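This report walks through the fold and then through a handful of individual residues. Please keep the sequence and the model open while reading.

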Amino acid sequence: MPIRLELPPSLKDLFTETARAERGGRAAAGMFVCSGDPTVTEICASAGLDYLLIDAEHAPLGLETVQAQLRAAAGHGAVPVVRLPGLDEVLVKQYLDLGAQSLVVPMVNSAADAEAAVRAVHYPPRGVRGVGSALARSARWNRVPDYLERAADLLTLVVQVESAAAVEAAAQIAAVDGVDGVFVGPSDLAASMGLIGRQGHPDVVAAVKDVIAAVRRTGKFVGVNAFVPDQARDYLDAGADFVNVGADVALLARGTEALADAWCAPAEPGAAPRGSY
């Protein structure tokens with residue numbers, strides 16, 4: 001007897017009118033998972049966040065590691081999203097086939113880059129994605145009905161704007177057919193503006209807000225990375241649809257530093273806390 005399965009929602013499903021209403025109108029919130037440990041991913045996925053951003057760009061995560069994390073996150077409520085190492089047609093195909101339904105493509109600097117990302121995620125004739133659904137978790141080994149015809153509806157493509165050039169082209173990038181949303185990366189943006197490590201600089205903040213406004217005018221959803229709560233709230237007030245508010249490794253680093261400060265304080269009177277937070 002044939003087995004028929006349906007895939008869970010992808011990231012774009014968080015921004016329908018129904019989903020927004022179910023959240024009481026609030027923006028979506030999520031976090032990076034970078035450790036590569038499936039148990040950590042499962043803990044984070046069941047914490048009540050709207051999505052998890054599994055980071056294969058800056059964390060040491062390969063295909064098998066990402067697949068294990070997708071399996072760990074499955075069924076826990078948070079939508080799993082995978083940030084790719086870069087825009088590469090082969091990698092896009094592999095991450096899609098292993099079951100990633102929501103992709104973030106970093107370093108998209110132009111509408112041409114965005115169009116290349118769209119081609120990479122779609123099957124012909126719209127794109128160039130190789131066909132291997134019978135072999136892949138993406139279609140649950142052909143247990144998802146009509147996967148080849150429905151894949152575009154089951155996937156979310158987010159492109160990352162994180163350079164001064166991309167800020168200038170933000171409206172054109174967002175307007176590309178097939179781009180579902182935009183994610184702004186203030187860290188690399190600051191570096192490209194000659195302000196490395198200064199994500200809170202007024203010029204960087206202004207550039208992020210310009211992108212938010214430009215993307216919203218195209219009707220696409222837009223989010224931003226902001227670990228500082230006041231900065232995150234400021235971007236939400238500016239119209240961001242989602243905000244990335246933390247990372248598993250950062251939470252562990254700050255938490256263990258706080259424990260060390262509380263229980264292993266230096267003997268010298270007046271010594272400053274040793275934590276880096």
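## Terms and basis

Contact, as the word is used throughout, means heavy atoms within 4.5 Å. By that criterion, and leaving aside neighbours within four places in sequence, Ala151 is in contact with Tyr123 and Arg129.

The model is predicted, so local features need pLDDT of at least 70 and side-chain atom pairs count only at pLDDT 80 or more, whereas totals for chains, interfaces and linings use all residues. Residues are numbered from 1 along each chain as its sequence is written, and side-chain values use heavy atoms, with hydrogens and water left out.

## The barrel

Helices (H or I, at least four residues) and strands (E, at least two) are DSSP runs, numbered from the N terminus, and two strands pair if DSSP finds at least two bridges between them. Eight strands close into a barrel in the order 1-2-3-4-5-6-7-8, with parallel pairing. Neighbouring strands of this sheet are turned by 25° against each other on average, direction ignored, where axes are lines fitted to C-alpha atoms, for helices over the stretch in contact, and angles run from 0 to 180 degrees between N-to-C directions.

Strand 1 (residues 28-33) and strand 8 (residues 242-247) run parallel and are joined by four bridges; within this pair, Gly30 stands opposite Asn244. Strand 3 (residues 79-83) is likewise parallel to strand 4, with two bridges between them, and the bridge partner of Arg83 in strand 4 is Val104.

A nonpolar core is a set of buried Ala, Val, Leu, Ile, Met, Phe, Trp, Tyr and Cys residues joined through side-chain atoms within 4.5 Å. The largest such core has 83 residues, of which Val66, Leu103 and Tyr147 touch the most other members. Helix 10 (residues 202-218) gives the most to this core, with eight residues. Beyond four places in sequence, the contacts of Leu103 include Val82, Leu84, Val92, Val121, Thr156 and Leu157.

## Thr156 in strand 5

Thr156 belongs to strand 5 (residues 156-161) and counts as buried because its relative accessibility is 3%. Its side chain is joined to that of Ser10 by a polar contact of 2.7 Å; a polar contact is a pair of N or O atoms within 3.5 Å, and within protein one must be able to donate a hydrogen and the other to accept it, while residues adjacent in sequence count only if both atoms are side-chain atoms. Not counting residues up to four places away in sequence, Thr156 also touches residues including Leu11, Gln101, Asp180 and Phe221.

The axes of helix 10 and helix 11 (residues 229-237) come within 10 Å and cross at roughly 35°. Where they meet, Val205, Val208, Lys209 and Ile212 in helix 10 face Gln231, Asp234 and Tyr235 in helix 11 as contact partners.

Ala238 lies in the loop between helix 11 and strand 8, and it counts as partly exposed because its relative accessible area is 33%. Outside four places in sequence, Ala238 is in contact with Lys209 and Ile212. Ala238 and Arg254 are 16 residues apart in sequence, yet their C-alpha atoms are 28 Å apart in space.

Most residues other than glycine have a negative phi, and most peptide bonds are trans. The peptide bond from Pro124 to Pro125 is cis, with omega near 5°, and Pro125 lies in the loop between helix 5 (111-121) and helix 6 (147-154). Asp146, which is in the loop between helix 5 and helix 6, has a positive phi of about 55° although it is not a glycine, and it counts as exposed because its relative accessibility is 52%.

Met107 also has a positive phi of about 55° and is not a glycine. Met107 sits in the loop between strand 4 (102-105) and helix 5, and at 38% relative accessibility it counts as partly exposed.

Ala151, in helix 6, is buried because its relative accessible area is 4%. The C-alpha atoms of Ala151 and Glu57 are separated by 24 Å, with the two residues 94 apart along the chain.

Key:
Buried means under 20% relative accessible area, exposed over 50%, partly exposed in between (1.4 Å probe, protein chains only).
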